[in-house]
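Trainee: I'm new to this one. Can you walk me through it while I have it open?

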Amino acid sequence: MAITDKIYVKNHRQLSSQLETNIPKGAFKGATLDVLFQGEGLEKLDDATQERVLDFSSDFLDCACDNNPYCGCPERKFAQYLLDLRAQGLGPDAIVDVMTDDYMVYAYPGDVLSFLDDAVRTLEAAEALADVEGAGGKRDEIRRTKQDLER
């Protein structure tokens with residue numbers, strides 16, 4: 001299961017009530033993305049919530065793909081966002097706090113830790129493959145990225 005399947009809308013019921021429509025609790029579920037991408041009813045949200053929803057939309061739903069927001073770009077951008085937070089030295093609890101402050105979404109710290117662990121294991125495999133292929137420069141780049149995540 002992808003990490004984005006474990007990202008939830010904070011104050012989900014309050015948001016649904018303000019929008020006067022039911023949306024799934026999952027931030028990356030189809031109906032949630034529809035509401036965010038199309039922007040219908042966002043003027044009904046209070047200013048702080050509206051700002052965070054618009055930030056989420058502009059940061060993760062903005063791409064030129066024909067199938068946007070169902071192209072996979074939002075999920076990839078969000079995964080990169082989590083990896084960037086980890087590379088800045090934040091742990092799983094702090095990452096959850098930042099994503100909640102930034103976008104009014106949350107995850108369980110254990111799910112974030114599992115995602116980060118999987119990322120490190122994937123980088124270890126890529127590093128080994130680069131070494132086998134004789135791509136020393138790429139291997140070193142992957143190693144540095146992995147070390148950023150392991151801090």
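Predicted model: local features only at pLDDT ≥ 70, side-chain atom pairs only at ≥ 80, totals over all residues.

Trainee: What kind of peptide bond joins N68 and P69?

Mentor: A cis one, with omega about 10 degrees.

Trainee: And which residues does P74 touch, leaving out those up to four places away in sequence?

Mentor: P69 is one of them, and the others are F28, F60 and L61. P74 itself belongs to helix α4.

Trainee: Is P74 buried or exposed?

Mentor: Buried, because its relative accessibility is 0% and the cut-off for buried is under 20%.

Trainee: How far is P74 from E127, C-alpha to C-alpha?

Mentor: 26 Å, and along the chain the two are 53 residues apart.

Trainee: OK, new topic. Which residues of α1 are buried?

Mentor: H12, L15, S16, Q18 and L19.

Trainee: Let's go back to Q18. Why does Q18 count as buried?

Mentor: Because its relative accessibility is 18%, and buried means under 20%. Q18 is part of α1, which covers residues 12-19.

Trainee: Which residues does Q18 touch?

Mentor: Setting aside residues up to four places away in sequence, Q18 touches K44, L45 and D46.

Trainee: And what follows α1?

Mentor: E20 does, and its phi is positive, near 60 degrees. E20 has that positive phi although it is not a glycine.

Trainee: Where does E20 lie?

Mentor: In the loop between α1 and α2 (30-38). With a relative accessible area of 64%, E20 is exposed.

Trainee: What about M104, what's its phi?

Mentor: Also positive, about 60 degrees, and M104 is not a glycine. You'll find M104 in the loop between α5 (92-103) and β2 (105-106).

Trainee: Is M104 buried or exposed?

Mentor: M104 counts as buried, at 11% relative accessibility.

Trainee: Let's talk about the core. Which residues in the largest nonpolar core touch the most other members?

Mentor: There are 32 residues in that core, and the ones touching the most other members are I7, F56, F78, Y81, L82, M99 and V105.

Trainee: Which elements each supply at least two residues of this core?

Mentor: α1, α2, α3, α4, α5, β2 and α6 (109-132). The largest share of this core comes from α4, with five residues.

Trainee: You mentioned V105. What does V105 touch?

Mentor: Not counting residues up to four places away in sequence, V105 touches I7, Y8, V9, K10, A27, F56, F78, V96, M99 and T100.

Methods: Residues numbered from 1 in each chain as written. Heavy atoms only, no water. Helix = DSSP H or I, 4+ residues; strand = E, 2+ residues; numbered from the N terminus. Buried < 20%, exposed > 50% of the residue type's maximum accessible area, 1.4 Å probe, protein only. Contact = heavy atoms within 4.5 Å. Core = buried A, V, L, I, M, F, W, Y, C linked by side-chain atoms within 4.5 Å.
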